[in-house]
Amino acid sequence: LTFSLLSVTVLVSFGSSMLYGYNLAVVNSPAVHIKAFYNATWSQRYGHGLAPGPLTLLYSLTVSIFALGGLVGSLLVGVLVERYGRKGALSRSALLVLLAGGFMGFSRELGSPEMVIIGRCITGLHSGRCYWGCICLSVVPLYLGEIAPKNLRGFLGLVPSIFICLGVFFAQVLGLPELLGEDRFWPFFLSVVVVPASLQLLLLHCFPESPRYLLIERNDVCRATNALHQFLGTMDVQDVIEEMREEQQSLSSMEMVSVRQLLQDHSVRWQTLSVVVVNAGMQLSGIDAIWFYTNTIFENAGIPAPQIPYTTVGTGAIEIVAGLIGCFTIEKVGRRPLIITGFCAMGFCSAGITISLLLQSALPWMRYVSVACVVGIIAGFCMGPAGVPFLMTAELFTQSHRPAAYIVGGSLNWLCNFSIGFIFPFLQMSAGAFCYLVFCGICFLVALYVYLIIPETKNKTFMEISHIFA
């Protein structure tokens with residue numbers, strides 16, 4: 001693991017993946033203040049405040065619009081990476097965060113709830129163009145998956161998930177009453193995202209483009225070789241060049257496929273279905289409901305209000321530990337055990353929340369069981385499902401199909417993210433404690449699919465993985 005490879009991994013994860021995690025959790029602690037701002041602004045404009053139902057609807061839109069922006073961004077990934085490359089797409093998307101930070105930071109001064117919603121949408125657009133998984137959920141794992149040697153691909157592929165956990169943790173810490181959790185600070189709290197985006201924009205030009213992209217898609221052997229020298233820290237890169245040449249020759253008669261062509265291609269139907277299942281399952285597992293509405297869940301579980309912010313920070317610290325465990329064990333235990341164990345743990349804990357909430361009136365100590373189950377869901381997610389689906393999307397496809405596969409996975413990811421963020425408050429009001437059983441069933445079904453269908457991809461080249469599915 002060279003200094004250059006580690007540095008670029010940390011930089012793109014800090015400037016993109018951490019922002020994704022931060023934006024997932026940043027609306028949790030200032031929810032009361034944002035709702036009060038919406039109500040006061042509505043009263044100034046129309047002479048009367050908002051009823052509880054419309055206010056909940058408007059706040060749910062503020063929370064979930066982030067995912068809708070991510071959905072739009074994920075549809076642009078293929079165009080971005082083809083035209084500007086992986087690094088170019090990352091740089092251009094960082095500019096969106098600066099714009100979003102401006103909208104959210106000045107929203108209260110200008111008395112405009114619309115600016116908060118627009119800013120949240122733009123940060124989602126960045127995240128969709130940036131980690132699938134994801135540029136946050138799409139270009140980061142694509143870039144890291146292409147620059148990493150195969151024996152480090154799993155480790156580097158999960159580093160962004162660590163930074164997602166760090167982003168959630170920083171949002172929870174900054175949201176404490178002693179820091180930015182007061183009413184007067186919430187616009188600044190939302191606009192902190194400009195700091196990591198600015199650092200990425202300034203420093204990313206110091207690192208080369210993906211050598212796999214340069215050789216296979218641009219046929220630039222010289223730049224690809226220089227990039228390999230820098231990333232691998234050795235002059236002997238002929239074996240890697242030959243592997244990429246082999247992939248280039250196998251794809252010489254094929255063009256980059258579109259989403260429609262990918263969905264119609266029977267030779268990769270199981271890979272495509274696998275991407276659909278794990279990406280949709282990751283969001284429908286209930287993790288976004290936990291992140292978006294942690295304080296509300298703890299309040300319903302009976303945790304005293306003054307203790308809720310600190311309980312939330314404790315869950316964030318456990319997220320980081322769980323993410324580190326997954327990151328440092330993935331090359332030993334493989335992808336499948338981590339993702340299967342993670343989904344099963346989330347399923348059991350979702351059922352545990354339902355049971356603890358039902359028994360809470362008779363057994364007051366069950367509130368602590370609810371907290372433990374929330375921690376279990378987050379830990380199970382961060383240990384495997386947080387990063388492995390993004391990594392698997394890169395590993396299951398060759399170069400010609402990979403961008404389209406990320407568009408499919410990213411679109412489903414964000415669509416499900418939006419659905420959970422928007423519907424969960426109403427689902428919780430109508431189904432009560434039983435709403436978590438929906439997440440329980442989804443987690444177990446995804447774990448079963450991975451166990452039966454998806455092979456282990458550890459230490460295999462992209463061509464070998466393609467042959468396994470064939």
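This is a predicted model: local features need pLDDT of at least 70, side-chain atom pairs count only at pLDDT 80 or more; totals for chains, interfaces and linings use all residues.
Residues are numbered from 1 along each chain as its sequence is written. Local features need pLDDT of at least 70, and side-chain atom pairs count only at pLDDT 80 or more, while totals for chains, interfaces and linings use all residues; side-chain values use heavy atoms, without hydrogens or water.

Seven aromatic pairs were found in a search of the whole structure. Rings of Phe, Tyr and Trp (its six-membered ring) pair if their centres lie within 6.5 Å; planes under 30 degrees apart are stacked, over 60 edge-to-face, and the rest tilted. Trp-42 and Tyr-46 make a tilted pair, with 4.7 Å between centres and 50° between planes. Both residues belong to helix H2 (residues 31–46), four residues apart, or about one turn. Helices are DSSP runs of H or I with at least four residues, numbered from the N terminus. Trp-42 is partly exposed at 31% relative accessible area. Tyr-46 is also partly exposed, at 49%. Here buried means under 20% relative accessible area, exposed over 50%, and partly exposed in between (1.4 Å probe, protein chains only).

Tyr-436 and Phe-439 form an edge-to-face pair, at 6.4 Å centre to centre and 65° between the planes. They sit three residues apart in helix H22 (residues 435–453), about one helical turn. Both Tyr-436 and Phe-439 are buried. Elsewhere, ring pairs join Phe-37, Tyr-38 and Trp-186 into a cluster.

Helix H19 (residues 366–383) spans 25 Å from first to last C-alpha over 18 residues, close to the expected 26 Å. The expected span is 1.5 Å times one less than the number of residues. In H19, 13 of 18 residues are buried.

The largest pocket holds about 630 Å³ of space. Its lining has 26 residues, and the closest to the centre are Ala-31, Val-32, Asn-295, Thr-296 and Glu-299. A pocket is an open set of points on a 1 Å grid over the protein atoms alone, where a 1.4 Å probe fits, with protein on both sides within 12 Å along at least five of seven lines; lining residues have an atom within 4 Å of a point. Two or more lining residues come from each of H2, H3 (52–75), H16 (294–300), H17 (308–333) and H21 (402–431).

The second largest pocket holds about 310 Å³. Its lining has 22 residues, with Ala-148, Pro-149, Lys-150, Leu-232 and Val-240 nearest the centre. H12 gives the largest share of this lining, four residues.

Notes: Grid points are joined across faces, edges and corners, and a volume is the space filled by probe spheres set on the points.
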